[in-house]
Amino acid sequence: MTNIHLRPPSHHLFVQCCRAPFRLASHLFVAAWIIPQLVAAVGSAALRRTEISTRGKSVKSSSRSRVVIAILAVVGVVALIAMLVARWQSPDATRGTSSSGGTTSAAEAPRQLEAWSRPTTTDPRAFAIAYARAIWTYDTARHSYVDWQNAVSVFADPTSAAPQVAKSLLPQWAEWDQLQSHKARAVVRGITAEVTPELEAMINRGQAPAGWHAYVVHGTQTVVTDADTRFLDRQAAVAVVCTPTCKFWSATAEVSP
């Protein structure tokens with residue numbers, strides 16, 4: 001006989017990276033087109049001034065003004081190019097600046113694993129298997145412990161204590177730190193869900209709410225670290241309530257013969 005004690009609850013970057021060099025290239029192209037014309041205008045004005053001086057004529061003040069304006073325009077364009085190049089080479093321009101709270105202004109890539117997806121289903125067995133897959137699948141290089149907790153919590157009704165129970169089957173913080181230090185990742189295969197005689201008796205005695213289903217879920221977890229690869233047998237008792245859409249009710253890892 002299996003002893004099961006289910007505890008019920010109390011109740012886009014890629015596009016930005018492409019646009020930046022395109023904008024820089026367009027500015028440089030415009031500047032490269034304008035500068036030769038301005039330089040030619042300056043040279044022409046200087047030449048006319050020389051010719052007029054040679055003839056003994058006075059240089060008009062309007063000619064001087066045009067030369068000064070042309071020189072200032074050249075300086076302005078050069079300063080614009082320098083500013084654009086400096087902005088392009090700045091780490092903050094490509095990665096986003098950090099705020100005082102330690103967050104970045106640039107959008108981060110999604111950190112949700114496909115195996116964490118919560119199904120919208122009326123099949124209690126499929127829902128229990130999906131939950132088991134979520135708690136036995138992780139990748140320390142792709143997500144944080146909080147990401148994992150949040151994903152598992154979504155399986156439960158947020159208005160109850162069920163999210164806390166759903167997260168209770170995850171490793172503790174100290175265990176997570178060890179997994180992260182070894183760059184661990186894990187997947188699970190061959191998940192099965194069966195109804196034991198004890199669980200069947202609980203339903204027949206009317207000890208569970210309407211739409212309540214419970215399973216003992218088994219699976220083989222493959223854990224890969226920087227040192228080795230291990231194959232672990234995993235099991236848990238998972239209860240769900242479907243009325244008619246299924247949601248997590250409770251779970252426990254204390255399943256013993």
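Predicted model: local features only at pLDDT ≥ 70, side-chain atom pairs only at ≥ 80, totals over all residues.

Trainee: Sheet to start with, then. How many strands are in it, and in what order?

Mentor: There are 5 strands, in the order S1-S2-S3-S4-S5, and they make an open sheet with antiparallel pairing.

Trainee: Which ones are the edge strands?

Mentor: S1 and S5, the latter covering 246-252; each of them pairs on one side only.

Trainee: How many bridges hold S1 and S2 together?

Mentor: S1 pairs with S2, residues 185-194, over 2 bridges in the antiparallel sense. Between S2 and S3 there are 8 bridges, antiparallel again.

Trainee: Is Thr 225 buried or exposed?

Mentor: Buried: its relative accessibility is 16%, and the cut-off for buried is under 20%.

Trainee: So what does Thr 225 touch?

Mentor: Leaving out residues up to four places away in sequence, Thr 225 touches His 182, Lys 183, Ala 184 and Arg 230.

Trainee: Switching to rings. How many aromatic pairs are there?

Mentor: The count comes to 7 aromatic pairs. One to look at is Tyr 138 with Trp 148: the ring centres are 5.1 Å apart and the planes are at 40°, so the pair is tilted.

Trainee: Why tilted, though, and not stacked or edge-to-face?

Mentor: Because stacked needs planes under 30 degrees apart and edge-to-face needs over 60, and this pair has its planes at 40°.

Trainee: Which parts of the chain does that pair tie together?

Mentor: Tyr 138 is in strand S1, residues 138-139, while Trp 148 is in helix H5, residues 145-153, so the pair ties together parts that are 10 residues apart in sequence.

Trainee: Are those two buried or exposed?

Mentor: Tyr 138 counts as buried at 5% relative accessibility, and Trp 148 is buried too, at 0%.

Trainee: Which residues form the aromatic cluster with them?

Mentor: Tyr 138 and Trp 148 form one aromatic cluster with Tyr 145, Trp 173 and Trp 176.

Trainee: Last topic, cysteines. How many disulfides does a search of the whole structure find?

Mentor: The search finds 1 disulfide. That disulfide joins Cys 242 to Cys 246, with an S to S distance of 1.9 Å.

Trainee: What's its handedness?

Mentor: The torsion about the S-S bond is about 100°, so the disulfide is right-handed.

Trainee: And are the two cysteines buried or exposed?

Mentor: Cys 242 counts as buried at 11% relative accessibility, and Cys 246 counts as buried at 1%.

Definitions and conventions:
Residues numbered from 1 in each chain as written. Heavy atoms only, no water. Buried < 20%, exposed > 50% of the residue type's maximum accessible area, 1.4 Å probe, protein only. Contact = heavy atoms within 4.5 Å. Phe/Tyr/Trp six-rings, centres within 6.5 Å; stacked < 30°, edge-to-face > 60°. Helix = DSSP H or I, 4+ residues; strand = E, 2+ residues; numbered from the N terminus. Disulfide = S-S within 2.5 Å. Pairing = 2+ DSSP bridges.
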